[in-house]
Amino acid sequence: FLSDVRDTLGCPVTYQQDIRVVRTNFHSESEEHYFQESSCTGTEAMRPFLIDDILKCEVAYREGYTIALRGMQFRSKSIGAMSQAIASLFGQPAVGTNLYVTPPNSQGLACHFDDHCVFVCQLFGIKEWTVFPQPVVQLPRLYEHLEVPKDLREGRQILLREGDILYIPRGFAHKAHTVTGVDANSSHDGFSVHLTLAIEVEPPFLKA
């Protein structure tokens, strides 16, 4: 997939800003980043993403890592047109669109909540989402994973198949993982590709 789209991603592609390679450890429920060695602090560092890194992504994918591509509205004409149409529908200047490619029996991002509303569009495969009740009041300005409190362990499970769309309001903790053997009629059983569209709901600034 990355080889097919590398000529349309734009240049240069910056790791962490435009692409991330991440998985969640099912036992510790913590995120693991494939390119941790690029930072002396043990976290992802922003740097140019090279052709050799694409080959490493193929290895990472086989090891259960999700490939997350950010800002797809700037890199695909069809996605850009869809994002602009949705932005106009909601009266927003723009809609951020990310694409996630997840291998079988894997989870990309750890459980987290967003400061914006999200539409999840399942393009290929099947993914099971868990959305927890009791939205968080104080929302983060940047992404951060969340340790789910014990009283939120009972979330609602939602199975997304190809063509399904899920709406997640801001502040609601959620996570997702791929599943296999659910739909024998699916030609993409196991792996998953989905888009997320971020809808900002803050009112615009008004002149005094």
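The questions and answers below concern a predicted model of one chain.

Q: What is the mean pLDDT of the chain?
A: The model is predicted, and 75% of the residues in the chain reach a pLDDT of 70 or more. Over residues 38-43 the pLDDT is below 50, and this stretch has six contacts in the model beyond near neighbours in sequence. For the chain, the mean pLDDT is 82.

Q: Which element gives the largest share of the largest nonpolar core?
A: The largest nonpolar core has 26 residues, and Ile19, Val21, Phe35, Phe49, Ile67 and Leu99 have the most contacts inside it. Elements that give two or more residues to this core include helix H2 (51-62), helix H3 (77-89) and strand S12 (192-199). The largest share is four residues, and the element that gives them is S12.

Q: How many residues are in the second, separate core?
A: Apart from the largest nonpolar core, which has 26 residues, there is a second one. Val120, Val131, Leu160 and Ile168 are among its members. The count for this second core is eight residues.

Q: Which residues is Phe35 in contact with, leaving aside neighbours within four places in sequence?
A: Phe35 is one of the residues with the most contacts inside the largest nonpolar core. Its contacts, with neighbours within four places in sequence left aside, are Tyr15, Val21, Arg47, Phe49, Asp53, Lys56 and Cys57.

Q: Within what arc do the buried residues of H3 fall, seen down the helix axis?
A: In H3, the buried residues are Ile79, Gly80, Ser83, Ile86 and Ala87. They line one face of the helix because, seen down its axis, they fall within an arc of 130°.

Q: Which exposed residues does the face of H3 turned away from its buried side carry?
A: The cover over the buried residues of H3 includes S6 and S12. The face turned away from that buried side carries exposed residues, namely Lys77, Ser78, Ser88 and Leu89.

Q: What distance does H3 reach from its first C-alpha to its last?
A: H3 has 13 residues, and at 1.5 Å a residue the expected value is 18 Å. Just after the helix, Gly91 takes a positive phi of about 70°. The reach of H3 itself is close to the expected value, at 18 Å.

Q: Is Ser106 buried or exposed?
A: Ser106 lies in the loop between S6 and S7. Not counting residues up to four places away in sequence, Ser106 touches Phe26, Gly64, Ala176, His177 and Thr178. Its relative accessible area is 6%, and the cut-off is under 20%, so Ser106 is buried.

Q: At what distance does the side chain of Ser106 reach the backbone oxygen of Pro104?
A: Ser106 is buried, and its side chain reaches a backbone oxygen. That oxygen belongs to Pro104, and the distance is 3.0 Å.

Conventions:
Residues are numbered from 1 along each chain as its sequence is written. This is a predicted model: local features need pLDDT of at least 70, side-chain atom pairs count only at pLDDT 80 or more; totals for chains, interfaces and linings use all residues. Side-chain values use heavy atoms; hydrogens and water are left out. A nonpolar core is a set of buried Ala, Val, Leu, Ile, Met, Phe, Trp, Tyr and Cys residues joined through side-chain atoms within 4.5 Å. Buried means under 20% relative accessible area, exposed over 50%, partly exposed in between (1.4 Å probe, protein chains only). Contact means heavy atoms within 4.5 Å. The expected span of a helix is 1.5 Å times one less than its number of residues. The arc is that of the directions from the helix axis to the C-beta atoms. pLDDT is the predictor's confidence in each residue, from 0 to 100. A polar contact is a pair of N or O atoms within 3.5 Å; within protein, one must be able to donate a hydrogen and the other to accept it, and residues adjacent in sequence count only if both atoms are side-chain atoms.
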